[in-house]
Amino acid sequence: MDYLSAVSMAKFSDKEVLQGLKNGSTEVLLYLTKRFYQSSRRWLRTKGIRDTDTPGLFTDAIIRMMRDVQRKSVPNQVQPGAYLFDVLKAQLKDHKLMRAASELEQHQELQQQRVAACFSILDEASRQLLSAYYADRMNFEEIAARFDYSNPVIAEFEVNKAMRQLETLVKARLTIS
């Protein structure tokens, strides 16, 4: 009989499981995995988690549970199965938050790439005006002097005109996407 079979046949009480987790026992970890993995997998599947993500979430939950027990933040009367599922719920919540943040970050990056592509479509004069105003943070008086406009009001008008062109291009591009 191999090691895994011997461990899976062993039956641990709740107290023995907590003590084993406190001591870092691999037998208890294997026992918990054997006992709760399939039900956790089914539960995670009902929550929309892919089977490829399940092992990572489950092992993270087991590790978090073990750390909590070792730090004595878990009462001695807790049922390991119920506590494991509470930890798994917390892991699922964290996973969804991280995934949402990652998707938002990717979406924002894609938006920035599209805006940059639209900026590159603008004519040279509009690009220079927008760069001077937004990137170089020049005021309208400085823009008027640099681009030979007769006064700052005309410089402001030209910057706003270039910005409207960019906005039109960006709206069209984002609508198409």
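Ser-39 is partly exposed, with a relative accessible area of 26%. Buried means under 20% relative accessible area, exposed over 50%, and partly exposed in between (1.4 Å probe, protein chains only). Ser-39 sits in helix H3; helices (H or I, at least four residues) are DSSP runs numbered from the N terminus, as are strands (E, at least two). Ser-39 and Phe-85 are 46 residues apart in sequence and 9.8 Å apart in space, C-alpha to C-alpha.

This is a predicted model: local features need pLDDT of at least 70, side-chain atom pairs count only at pLDDT 80 or more, and totals for chains, interfaces and linings use all residues. Residues are numbered from 1 along each chain as its sequence is written, and side-chain values use heavy atoms, with hydrogens and water left out.

**Confidence**

- pLDDT is the predictor's confidence in each residue, from 0 to 100.
- The chain has a mean pLDDT of 87, and 94% of its residues reach 70 or more.
- Contact means heavy atoms within 4.5 Å.
- Where pLDDT is low, the predicted coordinates should not be read in detail.

**Phe-85 and helix H3**

- Phe-85 belongs to helix H5. Not counting residues up to four places away in sequence, Phe-85 touches Phe-36, Ser-39 and Ser-40.
- H3 has a kink of about 45 degrees, centred on Phe-36. The bend at a residue is the angle between axes fitted to the seven residues ending there and the seven starting there.
- The expected span of a helix is 1.5 Å times one less than its number of residues. The 21 residues of H3 should span 30 Å; the end C-alpha atoms of H3 are 29 Å apart, which agrees.
- Buried residues in H3 are Val-28, Tyr-31, Leu-32, Phe-36, Ser-40, Arg-41 and Leu-44.
- Gly-48 follows H3 and has a positive phi, near 90 degrees.

**Nonpolar cores**

- A nonpolar core is a set of buried Ala, Val, Leu, Ile, Met, Phe, Trp, Tyr and Cys residues joined through side-chain atoms within 4.5 Å.
- The largest such core has 23 residues; Val-17, Leu-21, Leu-32, Leu-44, Tyr-83 and Leu-84 have the most contacts inside it.
- Helices H2 (14–23), H3 (26–46), H4 (54–70) and H5 (80–121) each give two or more residues to this core. H4 supplies the largest share, seven residues.
- Val-17 is in contact with Phe-12, Val-28, Tyr-31, Leu-32 and Pro-80, leaving aside neighbours within four places in sequence.
- A second, separate core of eight residues includes Phe-140, Ile-143, Ala-155 and Val-159.

**Helix H4**

- In H4, the buried residues are Thr-54, Leu-57, Phe-58, Ala-61, Ile-62, Met-65, Met-66, Asp-68 and Val-69.
- These buried residues of H4 pack against H2, H3 and H5.
- The 17 residues of H4 should span 24 Å, and the end C-alpha atoms are 24 Å apart, which agrees.
- Just after H4, Lys-72 takes a positive phi of about 65 degrees.

**Aromatic pairs**

- Rings of Phe, Tyr and Trp (its six-membered ring) pair if their centres lie within 6.5 Å; planes under 30 degrees apart count as stacked, over 60 as edge-to-face and the rest as tilted.
- By this rule there are six aromatic pairs.
- The rings of Phe-12 and Tyr-31 have centres 5.1 Å apart and planes at 70 degrees, so the pair is edge-to-face.
- This pair links distant parts of the chain, 19 residues apart: Phe-12 is in the loop between helix H1 (3–9) and H2, and Tyr-31 is in helix H3.
- Tyr-31 is buried, with a relative accessible area of 5%.
- Tyr-133, Tyr-134 and Phe-140 form one aromatic cluster.

**Positive phi in loops**

- Most residues other than glycine have a negative phi.
- Arg-137 has a positive phi, near 55 degrees. Arg-137 lies in the loop between helix H6 (124–135) and H7, and counts as exposed at 71% relative accessibility.
- Asp-148 also has a positive phi, near 60 degrees. Asp-148 lies in the loop between H7 and helix H8 (152–176), and is exposed, with a relative accessible area of 70%.
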